[in-house]
Amino acid sequence: GVFLTWRALRSILRPMHRITDAISGLIRGERDVQLPPEGRDEFGRMSQALRALQDSQEKRRALEDEARAQRNTIMTAIETIPDGFALYDSDDRLLLFNERFRSIFGHVDDILTPGARFEDILRLQLERDAVETHDLSPEDWISERMDHQRTPGDGRREVMMGGAWIQVAKRRTPDGGTVAVYSDISDLKQKQAQLETANEKAVAANSAKSQFLAS
């Protein structure tokens, strides 16, 4: 009787140990877990369930690898853009941005992380006197910028930011997010100012010449 009891317990405990070892391995994320043989008894059906779980984990890993590869491709692509690029979600939180965007917003670099709120970035810019509000109150300026973030239209804006002139172009995405492109046009502004100064001098010289000839 003792021998038969031992054999019965052994026939139960051995496959049970194999199943618990397989479950532990799957939980740890191991890919080479040895599953017990499948069959029609209870242990065999448990092994079938573990096989289905193992297959689903492999499919999930494949999808994660594909998503990671796609994200790397997207990040490589946006890093090649010479302008600052940022993608905000429908709640105006940062999703993606390139290093050029980080350099343009270097005055608030410490807050630039995925998930950062656009409004928090604006408030930190005001706190550090990094933007020109054009005589608007802080709250009015933030409200105006938030309205442009949510309804950008088709136009471009030129703003003074961090001591540089930045041209901002924004578009809404189909899921309610916002794509923003920031271009540093400080050199263009400087050349434009130089041309205007040269033109004013030319007009003044021409006027002086006309007055001299008339006199």
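The structure holds 12 salt bridges, a salt bridge being a side-chain nitrogen of Lys or Arg within 4 Å of a carboxyl oxygen of Asp or Glu. This is a predicted model, in which local features need pLDDT of at least 70 and side-chain atom pairs count only at pLDDT 80 or more, while totals for chains, interfaces and linings use all residues. Residues are numbered from 1 along each chain as its sequence is written, and side-chain values use heavy atoms, with hydrogens and water left out.

Select D92 and R150 to begin. Their side chains meet in a salt bridge with an N to O distance of 3.0 Å. The pair links distant parts of the chain, 58 residues apart: D92 is in the loop between β1 (84-88) and β2 (94-97), and R150 is in helix α5 (residues 138-150). Helices (H or I, at least four residues) and strands (E, at least two) are DSSP runs, numbered from the N terminus. D92 is buried, at 5% relative accessible area, whereas R150 is partly exposed, at 43%. Buried means under 20% relative accessible area, exposed over 50%, and partly exposed in between (1.4 Å probe, protein chains only).

Next, select R100 and D184, a salt bridge whose closest N and O atoms are 3.8 Å apart. Here helix α3 (residues 99-104) supplies R100 and strand β5 (residues 178-184) supplies D184, 84 residues apart. R100 is partly exposed at 30%, and D184 is partly exposed at 39%.

Proceed to R128 and D110, whose closest N and O atoms are 2.9 Å apart in a salt bridge. R128 lies in the loop between α4 (118-127) and α5 and D110 in the loop between α3 and α4, so the pair ties together parts 18 residues apart in sequence. D110 is exposed at 54%.

Finally, select E99, R102 and D109, which are linked in a network of salt bridges.
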